[in-house]
Amino acid sequence: MKILMLTNESTLMDGINRHILAISSSLNRRDDMEIAVCSAMPEGDLHAALKKAGVKSFALGFPNGHCPGIIPAYIRVMGEFRPDIVHCHILPMMTRIISSISYRRIPHIITWHGIYEAADLVRLRTRAENILFKIFPINYKACCYVSEGLYKLLQDKHPAGIPAHIYYNAIPFGTVPAKEHALHKTAGLPPETPIIGTACRILDQKNPQAFTRVMCKVLQAMPDVHAVVMGEGAESIITECNEIISEAKVKERFHWLGYLNNAPRLIRDLDCYIMTSRWEGLPTAILESMAMKTPVAMMKGEGGLRDLAYINEQEGPIAIMTEQDDTDGLAEGIISLLSNPKQAKAMAENAYRTGKQHFDIEKTTDRLIEIYRQVYKPTAGKRPTTRLR
């Protein structure tokens, strides 16, 4: 069976693309599956990682999904790969148009990874896209969600007549590498320095003012600790966060490292990973922290954050967890964690065990193959594509 996965950007800074890398690599190792990934933008570190994992990839090479040149480029990809199913993680507008016109017979699956922001501009864009969806409908045979919380949040918008499936965003839970102190080298710090931090796109959704305040409170209470942010974002947001840092007088111990393509591995060197998101589909960075046995401190929120809060309540602790915007409570929890290494290690070990039970890539791979087989109905005499090993 041949599956073409679609995305827009080509960077691993995007948690969706790290999800695509994990599941496409896992699926591609199965004897009866062949996977390819297609992005609208030029090649990036996603494609380098896919090549290393032995997964075929295409980069259409355009600055965004609205460029008309995508249409002939995507037609060439479809002609070369000839997929049995198109799995849409992000569906660029021009790809939607040609899929609706020329590829209606090919079953499509869509996975919802997150939630739109409630800004006026986004609402206008969403209305425009909804009109486009009606003019150019897609032959969706299944609609997937990466968490229970995301499905519950979006179920009133679920398209009628299309089966709904939930499969957790997943990553490998394998052998945890030893600390290499690569993050310390990147930040120019001695290897014994305690570091707290986060890795994300710096967006309003992530509540960057909150994680900045939390880290500043910890730095004020613990003079030997440093804080890092791995990620890029709007200059206006970073400027606002720097004002908070200046007021707290901890500027020399707060490091903006920018986007780092090895951030998931650098998380291993953190003494605590911090997340203050207001909503997430299911945060890849939290799962990466659990798989690296890095202690986590986070605020409750919507979508997949509700799944994590429920697991923490039933099977935890897997993280220090407070209500949204409780910066004092989260900072106090981190300070307690850093002051009690045994407690931090025990929580991280439990988070690893629990994460492996719920979020390991092999379970998601099995679940997706089940969904693909429900969707793909080969015509008489046609066999699913297989490869010689």
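The lining of the second largest pocket divides by class into 14 nonpolar, seven polar and six charged residues. Here Ala, Val, Leu, Ile, Met, Phe, Trp, Tyr, Cys and Pro count as nonpolar, Asp, Glu, Lys and Arg as charged, and the others, Gly among them, as polar. The model is a predicted one, in which local features need pLDDT of at least 70 and side-chain atom pairs count only at pLDDT 80 or more, while totals for chains, interfaces and linings use all residues. Residues are numbered from 1 along each chain as its sequence is written, and side-chain values use heavy atoms, with hydrogens and water left out.

This pocket holds about 780 Å³ of space. Of the 27 residues that line it, the closest to its centre are Leu21, Pro172, Pro264, Glu288 and Met292. A pocket, on a 1 Å grid over the protein atoms alone, is an open set of points with protein on both sides within 12 Å along at least five of seven lines; a cavity is a set of points where a 1.4 Å probe fits but cannot get out, and lining residues have an atom within 4 Å of a point. Grid points are joined across faces, edges and corners, and a volume is the space filled by probe spheres set on the points.

Which helix gives the most to the lining of this pocket? Helix H1 does, with five residues. H1, helix H2 (45-52), helix H10 (263-266) and H11 each supply at least two residues. Helices (H or I, at least four residues) and strands (E, at least two) are DSSP runs, numbered from the N terminus.

H1 (residues 15-28) also packs against helix H15 (residues 361-375), at an angle of about 70° and with the axes 10 Å apart. Axes are lines fitted to C-alpha atoms, for helices over the stretch in contact, and angles run from 0 to 180 degrees between N-to-C directions. H1 and H15 are therefore roughly perpendicular to each other, a term for angles of 65 to 115 degrees. H1 contributes Ala22, Ile23, Ser26 and Leu27 to the contact, and the residues from H15 include Leu368, Ile369 and Tyr372; contact means heavy atoms within 4.5 Å. By class, seven nonpolar, three polar and one charged residues form this contact.

I turn now to the sheet. Six strands form an open sheet in the order E10-E9-E8-E11-E13-E15, with parallel pairing. Two strands pair if DSSP finds at least two bridges between them. The edge strands, E10 (254-258) and E15 (320-322), each pair on one side only. Neighbouring strands are turned by 20° against each other on average, direction ignored. Strand E13 (residues 296-299) runs parallel to E15, joined by three bridges; Met299 has Thr322 of E15 as its bridge partner. Helix H8 (residues 208-221) packs on the sheet, and its direction makes about 160° with that of E9. Helix H11 (residues 284-291) packs on the sheet as well, touching E8, E11 and E13.

Finally, the cavities. How many of 30 Å³ or more does a search of the whole structure find? There are two. The largest has a volume of about 50 Å³, and its lining has four nonpolar, no polar and four charged residues, including Glu180, Arg265, Arg268 and Asp269. The second largest cavity contains about 40 Å³ of space. Strand E11 (residues 272-275) provides the largest share of its lining, three residues.

Notes. Parallel < 35°, antiparallel > 145°, perpendicular 65-115°, else oblique.
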